[in-house]
Amino acid sequence: MAPPSTTRSTNDMVDVLIIGSGASGAAVAWSLAETKMRILCLEQGDWMKQSDFPSNGRDWEARRYGDFDISPNRRARDTDYPVNDDNSVMKVANFNAVGGGTVMYTAHYPRMHPSDFRVKSLDGIADDWPVDYATLEPFFTENDRMTGVAGLAGDPAYPPHQPTMPPLPLGKTGTRYAKAMNSLGWHWWPSDSAIATTEYDGRAPCINLGHCTPGCAQGAKANVDITYWPHAIRAGVELRPRCRVREITTNAQGMASGAIYYDADGIERFQPAEMVIVACNGIGTPRLLLNSASSRFPNGLANSSGLVGKNLMLHPWPQVRGYVDERLDGDHAPMLSIWSKEFYETDPNRDFVRGYTLQFARGTGVVNEAITSASVGHLPWGKDHHRIYRDLLYRRIQIGVACEDLPEEHNRVTLDPVLKDSHGIPAPKIDYTISENTRRMMEHGIVRASDILTAAGATNLYTSRTILNSPGHLLGTARMGNDPERSVVNAWGRCHDVKNLFIVDGSIWVTSGGVNPTSTIQALALYIADSIKQRLATLFD
Amino acid sequence: MQTTSEPGLSPAESRDLRSLAGLMIPASEEFRVPGADDPVIFADIEKSIGRDMEDVRKALAKIAELGGGPFSDLDPTRKQATADSFQSTATALATTLGRVILQCYYRDDRVVRSLGLEPRPPFPKGHTLEQGDWSLLDPVRARPKMWRDAP
């Protein structure tokens, strides 16, 4: 793109410009701070305050359908950008603020498994990652320490690791699940959760507000605005909120020269930088790269492979719920408490490869029970409403099937030719279908989840095959690899085409695993930051 | 609280919505709860429509079309038939309309108390969660390693 025009305000040069302050941007900022380089992070959203989160007020459940909806299209804050997801069976969930999606995540915090990095070698499909679990292991550990992870060592489904705090309590619901799983002889374990169960790094412990996803009013949930960012800022990193980047600029040598953005007053500015790190998630990053097309990079920045935006993975996530004969924990606790890896690894006896995690959820809230049950015809209008509602309230148990989504190039992010954000920047458009392998996996998981619910005494089972606007795992659209023709970034996050441009978010994932991605996204970001620090003298060679 | 930034419902729309709310969730002496057409609850519903205003208007128009006139003017039998028809033919709008009503009904103090719950937000008091019996994990602890080595 052309250099900054004379009508545009130009800021002082920084050494490192990070775009996006979410899970990966925060981690890389904190890690690089020790270099004493001048580091600036531009974030399109604003700082969130714990006192503004829904669980402070009586309308806490309703706000999940409003200003804290997980869909940017419905939420429509001025800090959001629209996403055209009409041509996708799954809808996009995200949050745009300091802390990014971690403000709105459920804090279920599993790591990827060792086999997830060797899909081609082990199962003959997709591709291997250019890094492996052993390489990332120290960064998982460092990330756990920075985040504060509740869990229990000894899970036979994982290589040994030691969570930093005791696990979330089982509660009545977890106990019921545990007994059911033992009766079936299937694996279960308390989940690693990014929720403080003791005081941790200035954060108060969980008091079971029960509405973790739309922000934790207690501050027990580890969103990165209260974990990494205070440390990074104290170490000298500058974070500038309400600054929306339009494009990354390049110079005559084809190197990144900075970014053009709109500040909080809507003024267009140019931020020059020696190095640019993109951390905008699997939708925002390809959007930005495609919006940074120029005469030198006509198909989008760092896109000589043609893979920017392709291989979008979203984690199809069926959910099965049922109702038991007693009141359980409902929404009086963090939603997730335990997982099962019984069906995680590939089994040649099945009609699909790879596998899934089963996530055991507690119930739901008073309002949400009514809304979701009415929407599927389980809660009638009229005289029977009250009686039937009382048979549902706090008796729900539900299991999510976290399916591995394999990369397919037709699942992709492009620029919408019409839709734009409030600054006139073209919005992303996604095209996405669920593969046959994944569909078979989903059906397998639905049957197993139904078996478990039945063993737990549940009846009145109901299956949602795709959950609207969930789970918000945006992966794979600027994949890493050693071959520049088959990947966008190299094994340590540097773009093959632009040697001072790095990507650290979920877009660099090669495959998706069957787990919530935040822990691995952050471990990867720390690994890339460490790789940068190790190579400072020859970084752009 | 969420509040609407768009113009509110017209008096006719308001009457129809209130009438529908009362049919959807009637008052019950057995459970000692008001209906969703209760003045306090309905006032909350009206001011909380917010970003659903356009869909609520569409829903009410659809109901009027199905009923052949203003919903609030129909006799009870015709109201029930119209509501049934609306639910079966306009699923998405029925879900939206239901959510608008339910999200306010189930936060009313009287209703929440009738469910045996304390009418308060989760923060700052929170809730107590029993620890559970961790010895249930013993058979899982005894399992051999399950993850695959990946050289």
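Residues are numbered from 1 along each chain as its sequence is written, and chains are lettered from A and ligands numbered from 1 in the order in which they are written. Because the model is predicted, local features need pLDDT of at least 70 and side-chain atom pairs count only at pLDDT 80 or more, while totals for chains, interfaces and linings use all residues.

**View 1. Confidence of the model.** The model scores ipTM 0.95 and pTM 0.96. Where pLDDT is low, the predicted coordinates should not be read in detail.

**View 2. The six-stranded sheet of chain A.** An open sheet of 6 strands has the order S5-S11-S12-S13-S10-S16 in chain A, with antiparallel pairing. Its edges are strand S5 (189–190) and S16 of chain A; each has a single partner strand, so one side of each is left without a neighbour in the sheet. Strands (E, at least two residues) and helices (H or I, at least four) are DSSP runs, numbered from the N terminus, and two strands pair if DSSP finds at least two bridges between them. S5(A) is joined to strand S11 (residues 336–340) of chain A by 2 bridges, and Pro190(A) has Ile338(A) in S11(A) as its bridge partner. Helix H5 (residues 171–184) of chain A lies across S11, strand S12 (356–361) and S13 of chain A, at about 15 degrees to S11(A). For such angles, axes are lines fitted to C-alpha atoms, for helices over the stretch in contact, and the values run from 0 to 180 degrees between N-to-C directions.

**View 3. Strand S10 of chain A.** Strand S10 (residues 319–323) of chain A has 5 of its 5 residues buried, so it is largely enclosed by the rest of the structure. A residue is buried if 20 or more other C-beta atoms lie within 10 Å of its own, exposed if 12 or fewer, and partly exposed in between, with C-beta atoms placed from the backbone. Gln319(A), Arg321(A) and Tyr323(A) point one way from S10(A), and Val320(A) and Gly322(A) point the other way. In a regular strand the side chains alternate between the two faces of the sheet. S10(A) runs antiparallel to strand S13 (residues 396–403) of chain A, with 5 bridges, and Gln319(A) stands opposite Gly400(A) in S13(A).

**View 4. Leu358(A) within strand S12.** Leu358(A) is found in strand S12 of chain A. The residue has 26 other C-beta atoms within 10 Å and is therefore buried. Leaving aside neighbours within four places in sequence, Leu358(A) is in contact with Trp339(A), Ser340(A), Ile399(A), Val401(A), Gly445(A), Arg448(A) and Ala449(A). Contact means that the C-beta atoms of two residues, placed from the backbone, lie within 7 Å.

**View 5. The three-stranded sheet of chain A.** In chain A, 3 strands form an open sheet in the order S4-S15-S14, with mixed pairing. Strand S4 (84–88) and strand S14 (412–420) of chain A stand at the edges, each with a single partner strand, so one side of each is left without a neighbour in the sheet. Neighbouring strands of this sheet are turned by 30 degrees against each other on average, direction ignored. S14(A) and strand S15 (residues 426–432) of chain A run antiparallel and are joined by 5 bridges; Val413(A) has Ile430(A) in S15(A) as its bridge partner. Helix H7 (residues 281–291) of chain A lies across S14 and S15 of chain A, at about 65 degrees to S14(A).

**View 6. The contact between chains A and B.** The contact takes 46 residues from chain B and 60 residues from chain A. On the side of chain B, the largest share, 5 residues, comes from H5(B). By class, this side has 24 nonpolar, 12 polar and 10 charged residues; Ala, Val, Leu, Ile, Met, Phe, Trp, Tyr, Cys and Pro count as nonpolar, Asp, Glu, Lys and Arg as charged, and the others, Gly among them, as polar.

**View 7. Asn208(A) and its surroundings.** Asn208(A) is placed in the loop between S5 and helix H6 (228–234) of chain A. Asn208(A) counts as buried because it has 22 C-beta neighbours inside 10 Å. Its contacts, not counting residues up to four places away in sequence, are His332(A), Ala333(A), Gly126(B), His127(B), Thr128(B) and Leu129(B).
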